[in-house]
2 protein chains.
Amino acid sequence: MKKSFGATTIAYPTPVWVVGTYGKDKKPNLMTVAWGGIVCSNPPCLSISVRKSRLTYENIMLKKCFTINVATEDFAKEADLCGIISGKDVNKFAQCKLTPAKSDLIDAPFIREFPLVVECRLIKDADLGSHTLFIGRIMDVKAEIEITDEKGQISIELLRPLIFAPSTITYHGVGGCFGQAYTLGKSLLE
Amino acid sequence: MKKSFGATTIAYPTPVWVVGTYGKDKKPNLMTVAWGGIVCSNPPCLSISVRKSRLTYENIMLKKCFTINVATEDFAKEADLCGIISGKDVNKFAQCKLTPAKSDLIDAPFIREFPLVVECRLIKDADLGSHTLFIGRIMDVKAEIEITDEKGQISIELLRPLIFAPSTITYHGVGGCFGQAYTLGKSLLE
């Protein structure tokens, strides 16, 4: 028997994405979000959701660009801090000892130390209530060679991204592989 | 040095969500998506993205309702099969030996055997290109008692949801806990 938990934001997994933006005077900022995901294959797009009160909201509206810096196990503390403090008060890059790198394609900074970054150009925004949905067209994905496998593909097991659990507000790692998509289920056809 | 992978849908983690809908004649259908995420806290909303050619697209447009059945390690094969075959050809509930349960709140079926389901009412749709973004207002979250911890909270470690890796198109489990959000990062302020 299932128990009802009511109308609440519980679903798994949710990401831990550190959003990079520039503000007025080119000041770089960071903010961590768990409300996000890929939303379209062609053109490739992802979405993040941000409260209007956040500096990141202002910055995205101003520059129409943002980066997604995928938080990994090695940067759990930094990612968490970027979800606690405001860039209105603190330079989060400096506080986290992270280096802003200028993207060559968009007007937003990425985190040099993070192994995987996604550069996005805003194509749509929608006010949903507490949060505004920003849809970014993916302009480039940049990754360190160290997280690529022998075939040259980005490996989730080498990247070790964090996962956020909304019910317990905890961070988790990625476990073992359960098989290949578009293959695993075929045994149920026999 | 980072290597450029171009404009492609690579980001981590992405979910493995089996979408439940009714079609004409109340026929229940399932379809697995990896393009999705939570998009708003208040009202609580999530999004999924679906190609226009899919039966699930027709069904959501018809009924304005859908369920998210979170795929877990125990149901990796079933979730994968629901991403391979079409409900236009096959009854996916029957093929996967899963039971459709009528939601008491919305006009969509959930999977009785899956331990966590989210019931959604469509509030917005947007054509993004290859995919249409469907935003669903979360009306209820239903979970088996077996996946709740001693505090009564849903536990990601008991649920064991699957994670999809878009680059290698593989399914993965959830690993160990890395700490508490809004707490872990405070050590960097000292």
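Modeller: Let us start with one pair of residues, V19(A), which stands opposite M31(A) in β4(A). The model is predicted, so local features need pLDDT of at least 70 and side-chain atom pairs count only at pLDDT 80 or more, while totals for chains, interfaces and linings use all residues. Residues are numbered from 1 along each chain as its sequence is written, chains are lettered from A and ligands numbered from 1 in the order in which they are written, and side-chain values use heavy atoms, with hydrogens and water left out.

Biologist: What makes β3(A) and β4(A) a pair, and in which sense do they run?

Modeller: Two strands pair if DSSP finds at least two bridges between them, and β3(A) and β4(A) are joined antiparallel over six bridges. Strands here are DSSP runs of E with at least two residues, helices are runs of H or I with at least four, and both are numbered from the N terminus. The two strands form a hairpin with five residues between them, and in its turn D25(A) has a positive phi of about 65 degrees.

Biologist: Why is β4(A) called mostly covered?

Modeller: Buried means under 20% relative accessible area, exposed means over 50%, and partly exposed lies in between, with a 1.4 Å probe and protein chains only. In β4(A), six of its six residues are buried, so the strand counts as mostly covered.

Biologist: Which residues of helix α1 in chain A are buried, and what do they pack against?

Modeller: In α1(A), residues 55-63, the buried ones are L55(A), T56(A), Y57(A), N59(A) and I60(A). They pack against strands of chain A including β4 (28-33), β7 (65-70) and β11 (131-144), where contact means heavy atoms within 4.5 Å. Just after the helix, K64(A) takes a positive phi of about 60 degrees.

Biologist: Why is T9(B) called buried, given that T9(B) is found in a loop?

Modeller: T9(B) is in the loop between β1 (2-4) and β2 (14-15) of chain B, and its relative accessible area is 15%, so the residue falls within the buried class. T9(B) touches residues of chain A, among them I38(A), P44(A) and I138(A), as well as W35(B) and P166(B), not counting residues up to four places away in sequence.

Biologist: How do you know what symmetry relates chain A to chain B?

Modeller: A rotation of 180 degrees with 0.0 Å of shift along its axis superposes chain A on chain B, with an RMSD of 0.0 Å. That is the relation of a two-fold axis, the copies being superposed by least squares on the C-alpha atoms of residues with pLDDT of at least 70 in both.
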